[in-house]
Amino acid sequence: MKEPKALCAQPKNTYVRACARDSLPRRFCKRLGDVLLALPLTVFFAPLMLVLTVLIFLKDPGNPFFVQTRTGRNGKPIKILKFRTMRRHSDALETMLTPEELALYRQEYKLNDDPRLLGYRKSGDGRRCFGAILRRTSVDELPQILFNVLLCGNMSMVGPRPILSEELEKHYSPEEQQLFLSAKPGLTGYWQAYARNTACYTDGRRQEMELYYAEHRSAWLDIRILFRTVVAVFSKVGAK
């Protein structure tokens, strides 16, 4: 797949074109595809999810799941469910991160060597500890297949990744936000499949790739992204 081209200078027209791709029949077909794919995946991964639930509890007793509010389609807040990859009380950023780590986290909303991860003991563990492995292999996202895609229907298998409201406001213009939110958020997406952690907010590539998908979304693009996601996970392309 080619690199996304820069967005045109007419965001309103871009939004209109994107919405034209999101007709009722297309939304129905996309939802049907999500269900037909999510159902067997849930059954297939159920044993693994059960094992991970126990392991996470043994590593750090408490709720093995992490629930967070993100921004969904048309700006509607949604709850996403993930396996917990961090120690409890990890939201106390000021006490668990150094000033340098905190500044970087507030810019990219992630750290390459995050001391809050489960199993983290010393510098460098952020790439090989238990919590890091869950993230690198993307298995921490598995509960979203059952909860968000299959049961709630507030996420699709493919779409822009659901982000925090402050991320949206900080890194996207009002016109870009409108385009971004016109698509249902996804378990995987163009940015995640083709760049993963190699594209970031700082250089603008992440925003460009997410907006490219929102403007050009189609069934064929979704299929390509799904296959590319499998390749990216197993080849660890861009994984951190």
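# Terms and the values behind them

Me: What makes strands β1 and β2 a pair?

Reply: Strand β1 (residues 65-71) and strand β2 pair in the antiparallel sense over seven bridges. Two strands pair if DSSP finds at least two bridges between them, so the seven bridges meet the requirement. Strands here are DSSP runs of E with at least two residues, helices are runs of H or I with at least four, and both are numbered from the N terminus. This is a predicted model, in which local features need pLDDT of at least 70 and side-chain atom pairs count only at pLDDT 80 or more, while totals for chains, interfaces and linings use all residues. Residues are numbered from 1 along each chain as its sequence is written, and side-chain values use heavy atoms, with hydrogens and water left out.

Me: How many residues lie between β1 and β2 in the hairpin?

Reply: Five residues lie between the two strands, and N74 in that turn has a positive phi of about 60°. Within the pairing, R70 stands opposite I78 in β2.

Me: How do you know that strand β2 is mostly covered?

Reply: Strand β2 (residues 77-83) has seven residues, and five of them are buried. Buried means under 20% relative accessible area, exposed means over 50%, and partly exposed lies in between (1.4 Å probe, protein chains only). Across the 240 residues of the protein, 45% count as buried.

Me: What puts the buried residues of α4 on the same side?

Reply: In helix α4 (residues 99-108), the buried residues are L102, Y105 and E108. They cover an arc of only 150° around the axis, so they fall on the same side of α4; the arc is taken from the directions that run from the helix axis to the C-beta atoms. The face turned away from this buried side carries the exposed residues P99 and E100. The buried residues pack against α3 (93-96), where contact means heavy atoms within 4.5 Å. Just after α4, Y109 takes a positive phi of about 60°.

Me: Why is the pair of F44 and F45 called edge-to-face?

Reply: A search of the whole structure finds five aromatic pairs. In the pair of F44 and F45, the centres are 5.0 Å apart and the planes stand at 85°. Rings of Phe, Tyr and Trp (its six-membered ring) pair if their centres lie within 6.5 Å; planes under 30 degrees apart are stacked, over 60 edge-to-face, and the rest tilted. The angle of 85° is over 60, so the pair is edge-to-face. F44, at 62% relative accessibility, counts as exposed, whereas F45, at 23%, counts as partly exposed.

Me: What makes the pair of Y172 and F180 tilted?

Reply: The ring centres of Y172 and F180 are 5.0 Å apart and the planes are at 45°, so the pair is tilted. Y172 is buried at 4% relative accessibility, and F180 is buried at 3%. Elsewhere, Y190, Y194 and Y212 form one aromatic cluster.

Me: How do you know that the charged end of R206 sits over the ring of W191?

Reply: The charged end of R206 is 3.8 Å from the centre of the ring of W191. A charge sits over a ring if NZ of Lys or CZ of Arg is within 6 Å of the ring centre and within 35 degrees of the ring normal. The charged end of R116 likewise sits over the ring of Y105, 5.0 Å from its centre.

Me: Why do K30 and D222 count as a salt bridge?

Reply: The closest N and O atoms of K30 and D222 are 2.5 Å apart. A salt bridge is a side-chain nitrogen of Lys or Arg within 4 Å of a carboxyl oxygen of Asp or Glu, so this pair qualifies. The pair links distant parts of the chain: K30 is in helix α2 (residues 24-59) and D222 in helix α11 (residues 219-235), 192 residues apart. K30 is partly exposed at 25%, while D222 is buried at 11%.

Me: Which parts of the chain does the pair of E141 and R161 tie together?

Reply: E141 and R161 form a salt bridge with closest N and O atoms 3.0 Å apart. E141 lies in the loop between α5 (130-136) and α6 (143-152), and R161 in the loop between β3 (156-158) and α7 (165-171), so the pair ties together parts 20 residues apart in sequence. E141 is buried at 10%, and R161 is buried at 6%. Salt bridges that share partners join K82, D140, E141 and R161 into one network.
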